[in-house]
Amino acid sequence: MRYGTGLAMSSACCKTAVCIVLSISCGVTWGQSSPPAKKTISIHLSQPGQSGRLRIHHYKGSITVNGYDGSLVMVTAAYRERGAGEGERKPGPELSAVERNNEVTVYSDSERYTVDLDILVPRNMDLHLQTYDNGVIEVANVQGELEINNTNGPVTLINVSGAAVVSTVDGNILVKFAGVTAGAPMAFTSITGDIDLTFPEHVDMLLKMNTDYGDIFHDTRLTVAPDKSGTSMKIGVLNRGGTETLIKTLNGNIYIR
Amino acid sequence: MKRDPIEALVMDYWDDATPPERKRELKQELLAAGYTEAELNDLKRFLISLDDMPVPEPGEELDRAFYRMLAEETAKAGRKTARNGNKPALFWKRIEQQLMPKLGYAFALVFLGWVLGTWVTPGAVGGSRMERMAAEISEMKEMVMLAQLQQDSPSERLKAVTLAEEWTDADAKIVTVLMRTLDSDPNVNVRLATVETLSRFTDNPVVRRGLIESINRQQSPLVQLALAELMGRLQEESAKPELNRLLENKELNYAVRDRVSHVVSML
């Protein structure tokens, strides 16, 4: 699937009249176009001040998201240094976005070229971010539900609150929670990556942990016991226990702080 | 019989208002008709005693009944006149007239409800009622789970999948839904949690077969790994062909490949 700017917009408009296409209606601002070529778009939320959602299905490149006090979603896209196998390309990446009921979906030509996205969002935002290759996903200062997948790279979430469901194959997962939503299950899984989670002092959690070739490290807050139901899981209880959080890696270590 | 028409004459005879000449005539006639002097005297005493019998006077009771009826009529006629009447009595009257019919209806409805209730719940034995309640609760849980699985939020879907973990056995519908989740949920971690949940129902041959068939439908190395490890734990030999097919996949993650070959060698 390819989300070329014009194509994605016109087909979306044909399908639903409700759909608001933003790269035009909400003002496209082109970055000062000297090298490295960047493109920036700002997206108005239809209900500013209320919690929104950002959805990016990225292929090659990094996604960096920072929460800030504004109400616009601002996306800057830049081509990475041209890789050895990549042919000629346009001076700037293709970039577009669609907003509908406070949900923003960002499209770029990351399937063909490595595109790094640098994004500012209002703090109250759910994120659904996905990238496959050649990049990292970094999120800071955001509150909401975070669904993050990075197949071949790390995921780092700093000062986030809400609930997170994170998965990588070959990347480390590092999360520092400022707060967690009570009653919302979470999951952190990887094949070769380490999983390093820091929870607030008084959070109640039940952690189901498993690493085949790694170790589990934790501080004294956590009591760990084998799972009684016969699986290879270890059950860790933080304070009074609570909703289940799955932490699973094959080769990596698990750190609970 | 003979005396009947003559009795009137007897009355006349003893009536003080009758003139003496007429009395004499009457006496002649009565004696002629067969009355004796003694009989006539007896009759006289009887008539006097009749006169002496007390005639009931229109008493208090009659008055009360009359005023009650009057009050009822005035109450009906309107509040204006009723206000001038006996207040506490009218208050009760009003209660009787306005509240009693409502109370009557209420009781009738309660009774109807009770009758219907006993009819509709057949054989309300304690045990079967508990079973039915348990069935209803699990049905509701199923509905909640199905609704949660439709949610956009992966955390909600995780909740749905782990909710099913608490059930001791899953019916065909739940198994189907979990299988579909395993094959098609967009989030890796939800699919992974589904493997975990389904692993509790592996006594069910449908679940076992479904899990085996799913091995090569999975793209995520995490789910491939979880399924292979589950097969190892179950010592499921019939999974061997599918696991071998997985090993033939050139794009298989190297770490997963190691684990899968290990599992296959143990089966």
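Good morning. The model before you is a predicted one, and every value I quote has been computed from it.

Where does Ser110(A) lie? Its place is the loop that joins strand E8 (103-108) to strand E9 (115-122) of chain A. Leaving aside residues up to four places away in sequence, Ser110(A) is in contact with His58(A), Tyr59(A), Lys60(A) and Val115(A).

Let me now widen the view to chain A. This chain contains 22 strands and 2 helices. It has 257 residues, and 53% of them count as buried. Among the contacts in chain A with a separation of 6 or more, 56% are made by residues 24 or more positions apart.

I turn next to the interface. Chain A and chain B bury about 2200 Å² between them, and carbon and sulfur atoms account for 54% of that area. To the contact, chain A contributes 35 residues and chain B contributes 25 residues.

How many salt bridges does the rule find across the interface of chain A and chain B? There are 4. In one salt bridge, the side chain of Lys248(A) meets that of Glu229(B), with an N to O distance of 3.7 Å.

On the side of chain A that touches chain B, the elements giving two or more residues are strands E4 (52-57), E12 (143-150), E13 (155-168), E15 (186-190) and E21 (244-249) of chain A. The residues of that side comprise 14 nonpolar, 11 polar and 10 charged.

Finally, I come to a helix of chain B. In H13, which spans residues 240-248 of chain B, the buried residues are Glu242(B), Leu243(B), Leu246(B) and Leu247(B). These four lie on the same side of H13(B), because the arc they cover around the axis is only 145°. As background, an α-helix has 3.6 residues a turn, so residues three or four places apart point the same way.

What covers the buried residues of H13(B)? The covering elements include helix H11 (205-214), helix H12 (221-234) and helix H14 (254-266) of chain B. On the face of H13(B) turned away from the buried side, one finds the exposed residues Pro241(B) and Glu248(B).

Thank you for your attention.

Conventions:
Residues numbered from 1 in each chain as written. Chains lettered and ligands numbered in written order. Predicted model: local features only at pLDDT ≥ 70, side-chain atom pairs only at ≥ 80, totals over all residues. Heavy atoms only, no water. Buried < 20%, exposed > 50% of the residue type's maximum accessible area, 1.4 Å probe, protein only. Arc of directions from axis to C-beta. Contact = heavy atoms within 4.5 Å. Buried area = accessible area lost by both parts, 1.4 Å probe. Nonpolar A, V, L, I, M, F, W, Y, C, P; charged D, E, K, R; others polar.
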